[in-house]
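This report is a first walk through one protein model. Please look over the sequence and the structure before reading on.

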Amino acid sequence: MVRATIKPTSTKPTSTKPRDVQISEIGANTQVLRSRTWDRLKFEVEYSRQKGTTSNSYLIQADKTALIDPPGQSFTRIYLETLVHLDLKRLDYIILQHVNPNRLATIKILAGYAPHATIICSKLAAKALKGALMFPQWKSRVRVVRDNESLDLGQGHQLRFIRATTPRWVDGLCTYDPQSKILYTDKFFGVHLCDESIFDHNWKELDRDRRFYFDCLHATQTKQLGKALAKFKAFPSKIYAPAHGPLVKYSLSRFNYDYHSWCQQKTSQEFKVVLLYASAYGNTATIANAIAQGLVQSEVAVESINCELASTEEITEAIQTCDGFIIGSPTLGGHAPTQIQTALGIVLANATKTKLAGVFGSYGWSGEAIDQLENKLRDAHYNFGFEPIRVRFSPQANTLEECKQAGREFTQKLKKTKKLRIPRQAVTETQIDRTAQAVGRIIGSICVLTTCNDECHRGVLTSWVSQATFNPPGVMIAVAKEQNAYLISNPGDKFVLNILNEGRSVRKNFSAQNNAPFDSLTTKTANNGCLIIEEALAYLECTVQSYLPSGDRALSNGRADHVLIYAVVERGEILEKNGITAIRHRKSGSRY
């Protein structure tokens, strides 16, 4: 690719039918309002689609009335005209499962017609709403809901909210209605296709369109998608109600199976590329997605990481286990955002020089951040998989096609680089690596082990835990020397094993750099004096029975790399009945 500043161009849509809103009853007191277009909208340009799409909104009219996910500004006029049968002044709730600038345009007008409605959304969505200039008077009317929180509309419609964040939709929520057994899935289980079918009667004909949607939207965020799918299992659903396309009723189990299968296919690819980015106005994220499409089409596993939310540990692990990395940034005040500067530091400290690099970004005036990333990586002697991509303002169709081509070009250089390296690898090293990878497939529950010595509380993050006995119930835990193993290495020592809940952010508090991990957590004291983390899924109060130094060094010179602790469980309690155990997946058994 020739290095150049890519200027936006226009894409003329092909219109075949006028836009409309299709209304249908889908459950008790529940309607779907499908805003339809046969034109090519923004995301269709991104994904080279020409089949139109629907933007699905849902209306529940029980004792109280809730409107779920009003469409973007492309449909604002016809959507509000369709709602004339509803007295919007009596609308109680507007539920936003994600927020973007396009949807804000509709919300602004809808707010004027529904002066008493409360907006229901996630914490990050509320931040976006309150930061918008058009919403100063709405700050007191935005209600933030947490994972598993509920909202009672009456007549059995006790809505449950499910936190379902991904790198692209960091504010994501899904909503479950036990009365109708409808799970409102937002960006999950959708398809960009416009037709007359409300439900998926012709689901066998949708296979290719469904897979295309998955590859474009979810192939780079399979880790987060897997967490969301695990959460959905707790909600017995008869219908999936997505943001786009027909509702899923007749192929619900098949579609679930497909999502799990496609996730597995993506994670088992030969090459893995990490795509790091931050996005101030959404333009850098759009470029990142286009590059990812090129990589995915070339059968490369891609892990997208939004640096504004990711922990240093998450970025470090991804960089250490990838074959190549691509980093993108907007330019804010002549610099890259702090999160990107931090990510760059992690890359320089952890990525070997054999890993292929890439740089991209968007800007309004100067674009210094892109130059800074490029110069730092070139000075560190990294090879580039494509020439840095610089996009001014919003990327258009031709720009996005060049970004996809950059992804394909990156893949070809990645494969070529591997062929050159293979002859130098020793057989013994290869076997060691394979063994470590196999050992790394042993998974464990992610827990925080809390102790109390001399009125000093400590916490250790571990996933080396397994049940060892039934009567009495006992657990076996491996603790490294640097994790203060001496604190629980004597019979009679007490500790609490806090089993973490998937989707919560408790673990990030227990990094090596955090000297006060409990300050931002809610805790209470167990009977044995150690701390219980209330955000955990469950906890066990334990007493050490025996220990054993272990590891090769323990056999050779008496120094162990770990201590095996066997402890009896005295008592325990589940703190979140509908939660899911957080599980640690490792690429290698040679490190944490």
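## Terms and overview

Two strands are said to pair if DSSP finds at least two bridges between them. The model described here is predicted.

The protein has 592 residues, and 53% of them count as buried. Its secondary structure consists of 14 helices and 29 strands. The accessible surface is about 27,100 Å², and carbon and sulfur atoms account for 50% of that area. When contacts between residues at least 6 apart in sequence are taken together, 71% of them join residues at least 24 apart.

Strand 2, residues 20-27, and strand 3, residues 30-37, pair in the antiparallel sense over 7 bridges. Together strand 2 and strand 3 make a hairpin, with 2 residues between them. N29 sits in the turn and has a positive phi of about 60 degrees. Within this pairing, V21 has S35 in strand 3 as its bridge partner.

## L91 in its loop

Where does L91 lie? Its place is the loop between helix 2 (76-82) and strand 6 (93-95). L91 has a relative accessible area of 1%, so it is buried.

Leaving aside residues up to four places away in sequence, L91 touches T65, A66, L67, A114, H116 and A117. The C-alpha atoms of L91 and P115 are separated by 8.4 Å, while the two residues are 24 apart along the chain.

An open sheet of 5 strands runs in the order 9-10-11-12-13, and its pairing is mixed. Strand 9 (150-152) and strand 13 (239-242) are the edge strands, each pairing on one side only. From one strand to the next, the twist averages 25 degrees.

Inside this sheet, strand 10 (residues 158-163) and strand 11 (residues 173-177) run antiparallel and are joined by 4 bridges. R163 stands opposite L173 of strand 11. Helix 6, residues 222-232, lies across strand 10, strand 11, strand 12 (182-186) and strand 13. Its direction is at about 155 degrees to strand 10.

## Nonpolar cores

The largest nonpolar core contains 50 residues. Which of them touch the most other members? They are F189, F232, Y259, I291, I326 and F360. Helix 8 (residues 283-297) gives the most to this core, contributing 8 residues. There is also a second, separate core of 29 residues, including A278, I319, L373 and L377.

## Aromatic pairs

The structure holds 15 aromatic pairs. F188 and F232 form one that is edge-to-face, with 5.7 Å centre to centre and 75 degrees between the planes. This pair links distant parts of the chain: F188 is in the loop between strand 12 and helix 5 (207-217), F232 is in helix 6, and the two are 44 residues apart. Both F188 and F232 are buried.

F189 and Y259 form a stacked pair, at 4.4 Å centre to centre and with 25 degrees between the planes. Because F189 is in the loop between strand 12 and helix 5 and Y259 is in helix 7 (residues 252-267), the pair ties together parts 70 residues apart in sequence. F189 has 1% relative accessibility and so counts as buried. Y259 is buried too, with a relative accessible area of 0%.

Strand 24 (residues 494-499) and strand 27 (residues 538-550) run antiparallel and are joined by 6 bridges. In this pairing, V496 stands opposite E541 of strand 27.

Notes
Residues numbered from 1 in each chain as written. Predicted model: local features only at pLDDT ≥ 70, side-chain atom pairs only at ≥ 80, totals over all residues. Heavy atoms only, no water. Buried < 20%, exposed > 50% of the residue type's maximum accessible area, 1.4 Å probe, protein only. Contact = heavy atoms within 4.5 Å. Areas by Shrake-Rupley, 256 points an atom, 1.4 Å probe, with all protein chains shown as cover. Axes fitted to C-alpha atoms, helices over the stretch in contact; angles between N-to-C directions. Core = buried A, V, L, I, M, F, W, Y, C linked by side-chain atoms within 4.5 Å. Phe/Tyr/Trp six-rings, centres within 6.5 Å; stacked < 30°, edge-to-face > 60°.
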